[in-house]
Amino acid sequence: MCGIVGYIGHRDAYPIVLKGLQRLEYRGYDSAGIALYNDGELKVSKTKGKVADLKAKIESENNTAGTLALGHTRWATHGVPNDVNSHPHMSNSGNLVIIHNGIIENYESLKKELKARGYTFESDTDTEVLVNLIEDVSKKENVRLGKAVQIALNQTVGAYAIAVFDKTKPNEIVVARLGSPLAIGVGEEEFFIASDASPFIEFTSNAIYLEDGEMAVVRRHKGVKVRKIKDDQLVDPYVQELQMNLEQIEKSNFDHFMLKEIYEQPSAITDTYRGRLLVNEGIIRMAGVDDNLERFLNARRIVIVACGTSWHAGLVAEYIFEDLARIPVEVEYASEFRYRNPIINSDDVVIAISQSGETADTMAAIKLAKEKGAFVFGVCNVVGSSISRETNAGAYTHAGPEIGVASTKAFTTQITVLTLIALKLAKAKGNISNTDFHMHLRELEMIPHKIEVALEANEHIKEVAFKYKDARNCLYLGRGYNFPVALEGALKLKEISYIHAEGYPAAEMKHGPIALIDENMPVVVIATRKGHYEKVVSNIQEIKSRSGKIIGIVTEGDTSVRDLADYVIEVPDTIESLTPLVTTIPLQLLSYHIAVMLGKNVDQPRNLAKSVTVE
Ligand code: G6P
């Protein structure tokens, strides 16, 4: 949560940092602030609200000169979102300024000690404690800023990506990370600091991703010096060439990132299987699996850990792995797994799924599984993310940057990667016939086109959205492979439209939710021809006889559900195991249009953040 940006160099820092904050707003958006240094003067502007509010404030005060700046967009953890709790925070002397993404867990005891030594605090934040601790150390020990940061961080417990500078030494910024991401963009006598590379993509394609437990002193003319926070050991930084481009992080002609990302799914899935799915050769090539095939084949079971939408992708994978590869699978919320003393053995394979690769609970679950000797495989979208580096091996989804907070293309590309793995293992274990294997490969290859066809229902879905936009509750039902899709459809609706929605296995409806059904209850039922079709049709009858409003997601040409439902939305036919990749599409569009019609902020829904780096 929270996005941090910094610049030190020869250009005007304000526009760079402001634009960077706009690009990072997906990480948090309840308040924002910028500290700008110019000619011996430090100006800190901050405000509750969006980056746009901050921009208006700063530009009305004409506070925009300077070649050194730090900016922050916040998702509140300690202290309500207001101007005072917004970052940047300053030390008592007014010399040090800091931005922070993460949580200092022992801030209360540190605050008490600092108070006893005369420090005062304006905000309720852990960050203001940290900047004063750094100041206190630098005074007591009489050391430079870099050393003071190091000593102070060694006294903290928690997670952070920080950037701090001293206005009396305006040629350097000190940064550090533990548990929250931090990238340094390296230009010619100019450096960029950010939670991810999107703020500096048009200025440089060279970046250093700090590893956990590393800090760096970034000097305007002298470059970057990286060392370990704990033992002071110098590290030779690896300068990585970025693959991201500007177009990927802009909205193009779409009204919202979410819509753009929904429409990107055909190309995103093609990118996911490119070079991996070799239909003519009849093979699936995935380095992370190939190199560790024995671990997978000898796995007693697969445990999947994830959160949110990624957890739903894990549930779909459970069906695919068990159905095709015949390996027992358990799917766990990472946040529950990490705290319940799970039984993990060295012959378990743990698959961690995460779009951002930064989710704190998923990260903690990985560490726990590794401690217990399991082999941990990551399925991440963000290249170089913390989870992709912490896992023993992995496969990227290659979906490109996902900016809309409600996850869409990450979900379908995660399912694609997991399907490839399951098929590969099924083949290696001899659990799938050659004919079946080839049929799966061919069908998977056709999915991008089938999604394009599913997207053609957009205008019709808009009509359905208009009809049900004022509902207060909504049920989503599905069976088998499409039960997790029902969960995901419900999540999409509640996330961005704030309508209460629940996903249920269609047959379970009888054990509770059926009591909620009346003429005001829209029920979205996934009733594709492959997969328990007749059973789902009976469930639809049960809803109908209680006057519920039925929206059926059906296979092209279906007539039985059409006769019963108030609306049907068609998707192309495919094999059962791949239906989630097409049935998800209308559910994404439905929630998108309802949220737009209700005037909600689709890309930045209230209280949510894209990357949840706190537990
Ligand atoms: C947040 C996001 C969700 C996402 C979940 C897990 O809640 O808003 O869209 O599914 O985190 O994130 P991850 O990056 O680990 O997939």
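How many residues does helix α10 have, and how far does this helix reach from its first C-alpha to its last? In this predicted model, local features need pLDDT of at least 70 and side-chain atom pairs count only at pLDDT 80 or more, while totals for chains, interfaces and linings use all residues. Residues are numbered from 1 along each chain as its sequence is written, and side-chain values use heavy atoms, with hydrogens and water left out.

Helix α10 (residues 308–325) has 18 residues and reaches 25 Å, close to the 26 Å expected at 1.5 Å a residue (that is, 1.5 Å times one less than the number of residues). Helices here are DSSP runs of H or I with at least four residues, and strands are runs of E with at least two, numbered from the N terminus. Since 13 of its 18 residues are buried, α10 is largely enclosed by the rest of the structure; buried means under 20% relative accessible area with a 1.4 Å probe, protein chains only.

Strands pair if DSSP finds at least two bridges between them. Seven bridges join β2 (residues 31–38) to antiparallel β4 (residues 68–74), and tyrosine 37 sits opposite leucine 68 in β4.

Conventions. Buried < 20%, exposed > 50% of the residue type's maximum accessible area, 1.4 Å probe, protein only.
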